Every structure is written in structure tokens, then in C-alpha cells.
Amino acid sequence: MGDDGDSGDRDTRDDRDDDLDRALDAVLAAYELKDERRTGWQLRGVDDPESVAAHSWGVAYLVVALGDRLATDLPGVDLDRALRLAVVHDVAEAETGDVATRASDADDGDDAGDGGDSAAEAADREAKVAAERAAMRDLAGPLPERVRDAWEAYEARESPEARLVKECDLLDTCLQAVRYERGDRYDPDRGDPDAFREYDDLDEFFATTEPRLRTDAGRELFEAVRERYRTVRDG
């Protein structure tokens with residue numbers, strides 16, 4: 001009987017070790033976000049652009065630093081829960097990569113960002129969602145359910161926490177544009193010459209953001225950030 005007990009203990013330890021190995025593999029896969037560069041900045045020729053992980057930190061910090069302001073339009077919001085959503089909101093991009101939202105695609109306020117109604121645009125949106133959901137099955141599968149639940153909650157945009165995080169997601173891009181403008185960190189000649197044909201400087205990032213904001217507080221913050229950007233841009 002002692003042998004049977006030892007065998008059971010070994011099986012339990014082996015199961016725990018297997019679970020830990022799978023969890024660590026999933027975490028390491030998500031760490032690809034630390035090296036996944038934000039595509040929009042690359043298209044604009046930004047020198048050493050931020051990673052998706054750096055952007056996610058910015059979004060999370062905005063939740064902590066300015067969440068109270070945004071919460072005035074979102075009754076009942078739980079900032080601690082919002083912070084969890086912010087941390088995981090782009091995790092799927094560790095597998096799928098980052099896809100830039102263009103100003104012409106941003107009219108409906110969705111992450112997929114396609115303002116038009118064509119079947120091709122709808123198919124693109126569905127393909128993006130399907131790819132990210134499949135990525136989350138891989139990345140969050142061995143981890144606690146709260147990881148996948150937080151990502152799904154953000155994608156659904158039904159809770160005040162998800163809507164607050166989306167506002168922060170949009171505002172973070174504008175704040176980053178101010179930083180790059182201040183540091184003279186970009187050269188369109190290094191980027192895609194066709195990427196910003198209708199816009200000068202980093203103006204498209206503000207054009208992308210403005211129609212997608214959904215709260216008065218978010219729009220107020222946006223205007224303050226855009227004013228700072230214009231001041232720096234115009235010298």
C-alpha cells in the first residue's frame with residue numbers, strides 16, 4: 001500500500017510539473033509582445049518604435065493615472081478590473097502580430113476599424129477576430145481562466161471596464177505621438193511612402209482616434225493631448 005501511495009504522489013507531482021511547463025510555455029509565448037513592434041509607427045518611419053507590450057503598459061498606466069476622470073462617464077466602473085483588462089487586451093498579437101488601424105478605416109469605432117460596408121471588409125474583420133480568438137486559445141489555455149475571461153470581456157466592449165480600457169487604448173497612441181514629435185523621432189522616408197499620403201507629420205494617429213472615442217471625458221483628454229501635439233509640431 002505504501003508503494004501505491006508513493007506512486008500516487010509521483011503522479012500528482014508529475015501532473016503539477018506538466019501544468020507548470022505548459023503555463024511557462026504560454027507565458028514565454030506571450031512575451032513575444034516585448035519584441036513585436038507597433039506597425040503604425042513603423043509605417044511612419046519612427047526610430048526604434050515602441051513594442052506592443054510597451055503600449056499595453058501605457059494603457060494600463062492610463063487606467064491607474066486617469067481612470068477616475070474617464071469613470072465619470074462610466075458609472076459603476078471597477079478600475080481594478082479595468083487594469084486586468086488593460087494588461088491582457090493585446091496578448092493575442094503575440095501570435096497574430098500588430099495590424100495598424102488607418103484613418104479611413106476608423107469610422108465605426110471598432111478595433112478592426114473598417115468603416116465601410118463591403119463584404120471584403122466584413123470578412124477581414126471576421127478573419128481578424130477569428131485569428132485572435134484562436135491565438136488566445138493557445139496563449140491562455142494553460143493559464144487561469146481569468147486571463148481568457150479578461151481578454152474576452154475587453155473584446156466584447158459590453159462592460160464599463162472594457163469601454164474605459166478602449167478609451168485609454170486610443171489615448172495612449174496620441175500621447176505616444178506627442179513623445180515622438182517632441183523627440184523628432186520619425187522620418188517618413190524611412191517608412192512606407194504610401195502609408196500616410198493624406199496626412200502630414202503624425203496627424204493620422206489623431207484622425208484615427210477621434211471618431212472612435214465614446215465618452216465626453218475621453219474626448220476632453222483627446223483635445224488636450226492634440227493641442228500639445230500641435231504646439232510641438234508647429235514649433
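This section describes aromatic pairs, salt bridges and selected helix contacts in a predicted model.

Aromatic interactions were examined first. Across the whole structure, the search returned five aromatic pairs. In one of them, the ring centres of W57 and Y61 are separated by 5.1 Å and the ring planes meet at 10 degrees, so this pair is classed as stacked; the cut-off for stacking is an angle under 30 degrees. Both residues belong to helix α3, which spans residues 52-71, and they are four residues apart, or about one turn of the helix. An α-helix has 3.6 residues a turn, so residues three or four places apart point the same way. W57 is exposed, with a relative accessibility of 57%, whereas Y61, at 48%, is partly exposed. Elsewhere, W41, Y180 and F205 are joined into a cluster by ring pairs. An aromatic ring also takes part in a contact with a charged residue: R157 is placed over the face of Y154, 4.2 Å from the centre of the ring.

Salt bridges were considered next. Side chains of opposite charge can pair when their charged atoms come close. The whole-structure search identified 13 salt bridges. Among them is the bridge between K166 and D169, in which the closest N and O atoms are 2.9 Å apart. These two residues lie in helix α8 (residues 160-182) and are three residues apart, a separation of about one helical turn. Both partners are buried: D169 has a relative accessibility of 11%, and K166 has one of 5%.

A further salt bridge joins the side chains of R226 and E210, with an N to O distance of 3.1 Å. R226 is part of helix α10 (residues 216-233), while E210 is in the loop between α9 (203-209) and α10, so the bridge ties together parts that are 16 residues apart in sequence. Here the two partners fall into separate accessibility classes, since R226 is buried at 12% relative accessibility and E210 is partly exposed at 36%. R233 forms a salt bridge with D234, and their closest N and O atoms are 2.8 Å apart. R233 has a relative accessible area of 25% and is partly exposed; D234, at 55% relative accessibility, is exposed. Salt bridges also link R133, R148 and E152 in a network.

The surroundings of two helices were then described. T39 is located in helix α2, which covers residues 39-43. A polar atom of the T39 side chain lies 2.6 Å from the backbone oxygen of D98. When neighbours within four places in sequence are set aside, T39 is in contact with D98, V99 and A100.

In helix α4 (residues 79-88), the buried residues are A82, L85, A86 and V88. The elements that cover these buried residues include α3, α7 (145-156) and α8. At the start of α4, a side-chain oxygen of D78 comes within 3.0 Å of the backbone nitrogen of D80.

How values were computed. Residues numbered from 1 in each chain as written. Predicted model: local features only at pLDDT ≥ 70, side-chain atom pairs only at ≥ 80, totals over all residues. Heavy atoms only, no water. Phe/Tyr/Trp six-rings, centres within 6.5 Å; stacked < 30°, edge-to-face > 60°. Buried < 20%, exposed > 50% of the residue type's maximum accessible area, 1.4 Å probe, protein only. Lys NZ or Arg CZ within 6 Å of the ring centre and 35° of its normal. Polar contact = N/O pair within 3.5 Å; in protein donor to acceptor, adjacent residues only side chain to side chain. Contact = heavy atoms within 4.5 Å. Salt bridge = Lys/Arg side-chain N within 4 Å of Asp/Glu carboxyl O.
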